[in-house]
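These are my notebook entries on a single chain, written down in the order in which I looked things up.

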Amino acid sequence: MQGLSYQSTVARELVHRAAVSEVFLTDWRQSGPDSFVCAVQWPQRHNFYSIGGSMIDPLLVVETLRQAGILIAHSGYGIPLEHSFLMQRLTWRCFPERMTLSDSPVELLARVKVGEIRHRARGVDAMRVAVEFVRDGVVCAHGAGWLRCVGSRVYARMRQAERSGEPGEPPYVAPVDPQLVGRESSRDVVVGDLDETGTRPLRILTDHPTLFDHPLDHVPGMLAFEAMRQAAIALLGGALRAPLAGETRFTSLLELDEDCRVAAILSPSNGDQVGPGAHKVTAVLSQRGVTAVRGTVEMGPKIGVCVAA
């Protein structure tokens, strides 16, 4: 595909991953001013990003968009490897009929366009990364992320101002029944039981091999996305649903050692267009009563499965 290779992954550090199995980009090149193309390979079955049936897990779109943004920031714009990336906003949509599994890994292209580039004296410190995922010549998903690029000293000062000392152990939270949130094993459940406040506690699984592929001093964005997905499935009462689109804003980092609450409510339509049998859910993650993550996720039926509206 366009001269790109699928023989091996890009260097793990270029997408901030420790395990090769968690790297979904295999090659990249610049295709024009602030334009790039990446080769993407999604596994036939991933040990976490898997929702059963014949459908590719749509959260692979989100994770791959994240990786593409970091790769292009480092390789296309010279952002140093020791910099941290803070996601401010992310939007995405997939087309489920084009997200079917095959009998081999799925190879596709990610067409990347970078905009809203903000320069400072020491280089680029913010950008918008828009991505189209193209499979067999057809767009199967698209999305965009708004990133801040923060140097190591600036990040350390920021974190010192936000908390005192190193993070402690996460609070223990018992998992809900995996079937309630569309999971097969409790090791992949990231929320607890609904309580009298109408919210669920977040399970911060720092030993999870995918969500915490490497040590972090805060809750990773992909854990927040998974919590939103699981809370939405539980709210709708059906593990046969899948996320088809989402929009999320991050206003602050979530701490590892503090209670985090996950709230999910059915969103009013307000004339918004959703697919047949789909529902839009608003999800909020908060700590100390302050919202850190707020977003909406559109939940629709899995491929080949009929779900009553």
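Which residue takes a positive phi in the hairpin of β10 and β11? I looked this up first, keeping in mind that the model is predicted. The residue is R288, with a phi near 55 degrees, in a hairpin that has two residues between the strands. I noted that R288 is not a glycine, and that most residues other than glycine have a negative phi. At 62% relative accessibility R288 counts as exposed, because the cut-off for that class is over 50%.

Entry on the strands around this turn. I found that β10 (residues 279–287) and β11 are antiparallel and joined by nine bridges, with S286 standing opposite T291 in β11. I then followed β11 (residues 290–301) to strand β8 (residues 241–250), with which it pairs in the antiparallel sense, also over nine bridges; here E247 is the residue opposite T296.

Entry on the whole sheet. I traced eleven strands in an open sheet with antiparallel pairing, in the order β1-β2-β4-β5-β6-β3-β8-β11-β10-β9-β7. Because β1 (25–32) and β7 (200–201) each have a single partner strand, they stand at the edges, and one side of each is left without a neighbour in the sheet. Elsewhere in the sheet I looked at strand β5 (residues 123–135) and strand β6 (residues 138–150), which run antiparallel and are joined by ten bridges; within this pairing E132 stands opposite H142. Helix α3 (residues 221–236) packs on the sheet, where I listed its contacts with β3 (84–94), β7, β8, β9 (261–266), β10 and β11, and its direction makes about 55 degrees with that of β11.

Entry on aromatic rings. My search of the whole structure gave five aromatic pairs. One of them joins W28 and F36, whose ring centres are 6.1 Å apart with 50 degrees between the planes, a tilted arrangement. W28 counts as partly exposed at 26% relative accessibility, whereas F36 counts as buried at 2%. I also checked W42 and F133, whose centres lie 5.9 Å apart with the planes at 35 degrees, so this pair is tilted as well. W42 belongs to strand β2 (residues 35–42) and F133 to strand β5, so that the pair links parts of the chain 91 residues apart. Both W42 and F133 are buried. Returning to W28 and F36, I found that ring pairs link them with Y77 into a cluster.

Entry on charges over rings. I noted that the charged end of R183 sits over the ring of F48, 4.2 Å from its centre, and that R98 lies over the face of F95 at 5.0 Å from the ring centre.

Entry on the nonpolar cores. Which residues have the most contacts inside the largest nonpolar core? I found W42, V112, F133, L202 and L285, in a core of 81 residues. Leaving aside residues up to four places away in sequence, L285 touches L202 and M228, among others, and its contacts also include V290, T291, A292 and V293. A second, separate core has six residues, including L4, V37, A39 and L109.

Last entry, on backbone angles. I recorded H16 as another non-glycine residue with a positive phi, of about 55 degrees, and placed H16 in the segment before β1.

Note on methods. Residues numbered from 1 in each chain as written. Predicted model: local features only at pLDDT ≥ 70, side-chain atom pairs only at ≥ 80, totals over all residues. Heavy atoms only, no water. Pairing = 2+ DSSP bridges. Helix = DSSP H or I, 4+ residues; strand = E, 2+ residues; numbered from the N terminus. Contact = heavy atoms within 4.5 Å. Axes fitted to C-alpha atoms, helices over the stretch in contact; angles between N-to-C directions. Phe/Tyr/Trp six-rings, centres within 6.5 Å; stacked < 30°, edge-to-face > 60°. Buried < 20%, exposed > 50% of the residue type's maximum accessible area, 1.4 Å probe, protein only. Lys NZ or Arg CZ within 6 Å of the ring centre and 35° of its normal. Core = buried A, V, L, I, M, F, W, Y, C linked by side-chain atoms within 4.5 Å.
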